[in-house]
There are 2 protein chains.
Amino acid sequence: MDTADLGLPVEVPSTALFTDQYELTMVQAALRAGTADRRSVFEVFTRRLPEGRRYGVVGGTGRVLDAVENFRFDDAVLGFLREMRIVDGPTLRWLADYRFSGDIWGYPEGEVYFPGSPVLRVEGSFAECVLLETVILSILNHDSAIAAAASRMSVAAGGRRLIEMGARRTHELSAVAAARAAYVGGFDSTSDLAAGFRYGIPTVGTSAHAFTLLHDSERDAFRAQVDSLGRGTTLLVDTYDVAEAVRTAVAVAGPELGAVRIDSGDLLLVAHRVRQQLDELGAYDTKIVVTSDLDEYAIASLAAAPVDAYGVGTQLVTGSGHPTCSMVYKLVARAGSADVAAPLRPVAKKSLGAKSSLGGRKWAARRLDEYGVAEAEVVSAGEVPADLVDRQLLAELVKGGEIVAREPLEAARERHAAARAGLPLSAIQLSRGEPVIPTECR
Amino acid sequence: MDTADLGLPVEVPSTALFTDQYELTMVQAALRAGTADRRSVFEVFTRRLPEGRRYGVVGGTGRVLDAVENFRFDDAVLGFLREMRIVDGPTLRWLADYRFSGDIWGYPEGEVYFPGSPVLRVEGSFAECVLLETVILSILNHDSAIAAAASRMSVAAGGRRLIEMGARRTHELSAVAAARAAYVGGFDSTSDLAAGFRYGIPTVGTSAHAFTLLHDSERDAFRAQVDSLGRGTTLLVDTYDVAEAVRTAVAVAGPELGAVRIDSGDLLLVAHRVRQQLDELGAYDTKIVVTSDLDEYAIASLAAAPVDAYGVGTQLVTGSGHPTCSMVYKLVARAGSADVAAPLRPVAKKSLGAKSSLGGRKWAARRLDEYGVAEAEVVSAGEVPADLVDRQLLAELVKGGEIVAREPLEAARERHAAARAGLPLSAIQLSRGEPVIPTECR
């Protein structure tokens with residue numbers, strides 16, 4: 001393994017060390033005890049949504065498939081595990097041959113979820129499944145947090161354009177995944193070139209204060225930018241005096257100026273003034289882009305302002321107050337022996353506290369009311385009732401170790417818009433509340 | 001570029017696309033305008049600490065050096081930029097030859113910082129410096145947030161061991177950087193194998209509930225684990241009944257059992273009961289590890305409990321409420337022409353709102369009181385007074401494009417402990433407050 005995720009990979013490197021040590025030592029102990037081959041079912045779910053949120057958004061499923069496919073222990077990794085004595089010789093040999101050969105079902109990316117929704121189900125031998133815990137959770141917990149924040153922001157923005165600009169506020173590779181999840185959640189573009197390279201997300205850019213400050217005058221800076229990038233460019237107008245900058249911008253670029261960006265001050269007030277000024281200067285088609293610590297509430301508060309696009313950074317990539325979901329990966333059923341025909345038995349932790357969970361291999365379906373609006377998330381390990389057969393949420397993603405559900409990112413984005421539109425209207429209230437539909441565990 | 005950061009790289013790939021698009025288009029416009037070669041100074045600083053925090057911790061400096069060294073535009077990247085028409089031909093040719101050739105000074109990793117501290121200063125031509133904005137901020141904003149949370153947790157833990165276990169709660173590569181930053185901030189080990197592989201951080205592991213549930217009884221599970229991993233292992237005792245599990249654990253492993261882990265319930269109460277039970281069973285040396293949504297406050301509240309080690313996940317990797325710092329990368333001085341001898345002029349944004357900043361190329365020093373305790377962070381673009389010459393904080397990191405300040409991670413960890421110890425005692429209060437020393441901007 002000579003590197004990391006995929007960040008930008010054309011070739012995808014190994015993901016096998018994105019793993020907590022105990023997963024390997026559990027494999028070692030289970031191999032020795034003869035229990036490693038017991039057929040097992042693990043499920044990913046969360047016991048709660050982040051406080052006040054009405055729905056969750058599944059993000060990262062496509063990245064999970066990449067990670068599973070590239071979960072391989074190559075010589076460098078095996079050498080490390082040997083040298084550090086993390087596992088013994090038989091386990092190293094088992095790891096060297098590791099390929100996930102089981103099945104994965106899950107909520108397709110972009111789908112909404114609720115407490116208890118089995119968003120992913122991983123089935124195979126105990127050893128092959130337990131190894132995937134950390135990397136699967138890393139991806140789903142991160143990407144779903146960003147997708148959920150993005151979804152709320154896209155609701156708040158109405159039809160206006162949303163630009164992801166948060167790369168500088170998070171780890172450089174989180175940023176790439178965040179741009180991807182934001183796109184699923186409804187954003188239109190990103191400033192992050194790596195995200196454009198890796199995932200084909202449309203990239204955009206404006207200009208920084210540094211560019212204006214580099215030049216001997218704002219006029220020089222604007223002229224340099226327009227000369228090189230054309231009149232359709234976006235000029236940053238708040239380095240010195242906004243009104244003067246807008247005047248200069250239109251003087252330099254003409255009324256064909258693409259857009260101006262405002263990055264400070266009272267955005268509501270300034271946007272109104274700038275729009276009026278642009279119109280007076282005949283620049284009717286020049287757009288206004290606002291940035292500056294926006295979140296879904298700030299975006300909503302600008303609904304009445306003449307804003308054409310929002311650039312969102314910090315609050316997007318940090319999940320707008322909830323940078324991670326609380327998804328867990330739990331063994332819910334396993335066989336009593338290594339016999340492939342041995343029946344699965346439900347299992348669940350039963351200790352003190354709130355961490356107990358529902359055992360058994362589960363299906364989930366979204367029940368609709370008479371108007372076709374979602375009214376409940378039904379989760380059960382029992383039989384699927386006839387009226388819910390067609391409303392089931394889990395799709396086959398990996399079959400016998402082969403990925404069977406790759407899709408373009410656009411499909412996840414469209415799925416999310418459709419899934420959100422199928423929820424009760426109160427789903428899109430930004431105010432705090434309960435999950436918009438209840439989860440019925442049967 | 002066939003990948004990302006380093007995650008785990010032995011060979012480090014290109015970091016050139018961890019860049020916002022506007023940096024490249026600004027380079028293009030500046031190249032055409034003849035201003036790209038103006039000597040420029042950019043500084044990284046924050047206007048404020050996260051609310052209530054007493055000090056910040058510089059994390060990621062070592063990763064910044066790697067990123068700068070590997071900031072190269074290879075054919076795949078150039079092809080992408082050409083195909084997407086992000087920049088023009090002359091700019092592509094300039095990028096193909098790009099090597100940072102300037103100087104970087106900064107607070108060494110692990111040092112504490114305050115509002116206005118110039119934690120990094122990048123100097124060279126405008127074009128070569130402006131390109132580094134996003135990747136530098138990504139790394140410093142992320143890693144410093146984690147290092148600061150880790151530092152507070154290590155204060156709370158006193159001398160007890162701290163294990164980083166947050167990989168599953170954040171992006172898989174953020175997790176690697178987080179384990180690294182946590183180590184700088186005072187953590188002792190990590191569960192993340194990638195962090196062990198990449199940075200040599202000690203790795204540890206226990207066991208999951210799934211392992212107990214896989215087996216036909218808790219006793220079978222404990223026996224399997226002890227048989228394979230030895231009596232020094234850590235057994236997880238809260239899958240069913242804790243008291244029974246502790247009895248079984250000592251019955252299986254004997255009083256030489258390494259440790260037990262408690263992951264749920266009222267940790268204070270349960271730890272006391274488990275300690276008493278272990279002692280009654282003669283397992284005086286068996287340690288108690290607690291996990292379960294710990295943060296610095298929960299750790300502090302367990303100070304009186306018989307706990308030997310804390311495993312911290314979510315709250316560590318999300319910066320304990322502050323997953324990012326608000327560091328910015330600002331042009332503070334630049335020459336008036338491309339002449340290398342042209343003098344630098346201070347520059348600063350001067351618009352409405354709170355985003356203005358102090359121009360000029362700055363030094364910083366920490367002034368001590370008569371007892372040798374820090375009393376002020378002094379930041380200025382003027383002359384360094386004689387009494388502060390030896391107290392300066394910026395160190396040379398890159399000279400003429402060459403990295404000159406690589407150091408083992410251990411050095412940053414030790415530096416942090418020393419820097420924190422040099423602050424007034426109130427620095428280590430967990431309660432909310434102002435920065436523990438004022439920043440004097442001269």
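How many bridges join β6(B) to β7(B)? The number is 2, and the two strands run parallel. The legends below take this pair and other parts in turn.

**Figure 1. Basis of the views.** This is a predicted model, in which local features need pLDDT of at least 70 and side-chain atom pairs count only at pLDDT 80 or more, while totals for chains, interfaces and linings use all residues. Residues are numbered from 1 along each chain as its sequence is written, chains are lettered from A and ligands numbered from 1 in the order in which they are written, and side-chain values use heavy atoms, with hydrogens and water left out.

**Figure 2. The interface of chain B and chain A.** In this interface, 107 residues of chain B are in contact with 107 residues of chain A (contact means heavy atoms within 4.5 Å). The buried area between the two chains is about 8,600 Å², and carbon and sulfur atoms give 61% of this area. Buried area is the accessible area, taken with a 1.4 Å probe, that two parts lose on being put together, summed over both. Between chain B and chain A, 53 residue pairs are in polar contact, both residues being at pLDDT 80 or more. A polar contact is a pair of N or O atoms within 3.5 Å; within protein, one must be able to donate a hydrogen and the other to accept it, and residues adjacent in sequence count only if both atoms are side-chain atoms. On the side of chain B that touches chain A, helix α1 (residues 21-33) of chain B gives the largest share, 11 residues. The residues of that side of chain B divide into 47 nonpolar, 34 polar and 26 charged. Here Ala, Val, Leu, Ile, Met, Phe, Trp, Tyr, Cys and Pro count as nonpolar, Asp, Glu, Lys and Arg as charged, and the others, Gly among them, as polar.

Figure 3. The same surface serves both copies, as 100% of the contact residues of chain B recur in chain A.

Figure 4. A salt bridge is a side-chain nitrogen of Lys or Arg within 4 Å of a carboxyl oxygen of Asp or Glu. The structure holds 54 of them over all chains, and the rule finds 14 across the interface of chain B and chain A. A:Arg63 forms one with B:Glu172, where the closest N and O atoms are 2.7 Å apart. A:Arg63 also forms a salt bridge with A:Asp143, with the closest N and O atoms 2.8 Å apart. This second pair links distant parts of the chain: A:Asp143 lies in helix α6 (residues 133-157) of chain A and A:Arg63 in helix α2 (residues 61-69) of chain A, 80 residues apart. Helices (H or I, at least four residues) and strands (E, at least two) are DSSP runs, numbered from the N terminus.

**Figure 5. The parallel sheet of chain B.** This open sheet has 6 strands in the order β7-β6-β11-β10-β9-β8, with parallel pairing. Two strands pair if DSSP finds at least two bridges between them. The edge strands of chain B are β7 (189-190) and β8 (234-236), each pairing on one side only. Strand β6 (residues 161-164) of chain B pairs with β11(B) over 4 bridges, and B:Arg161 stands opposite B:Ala309. Strands β10 (residues 287-290) and β11 (residues 309-312) of chain B pair over 2 bridges, with B:Tyr310 as the bridge partner of B:Val290.

**Figure 6. The antiparallel sheet of chain A.** An open sheet of 7 strands in chain A has the order β13-β12-β1-β5-β3-β16-β17, with antiparallel pairing. Its edge strands are β13 (344-346) and β17 (402-403). Strand β1 (residues 39-46) and strand β5 (residues 120-125) of chain A are joined by 6 bridges, and the bridge partner of A:Ser40 is A:Gly124.
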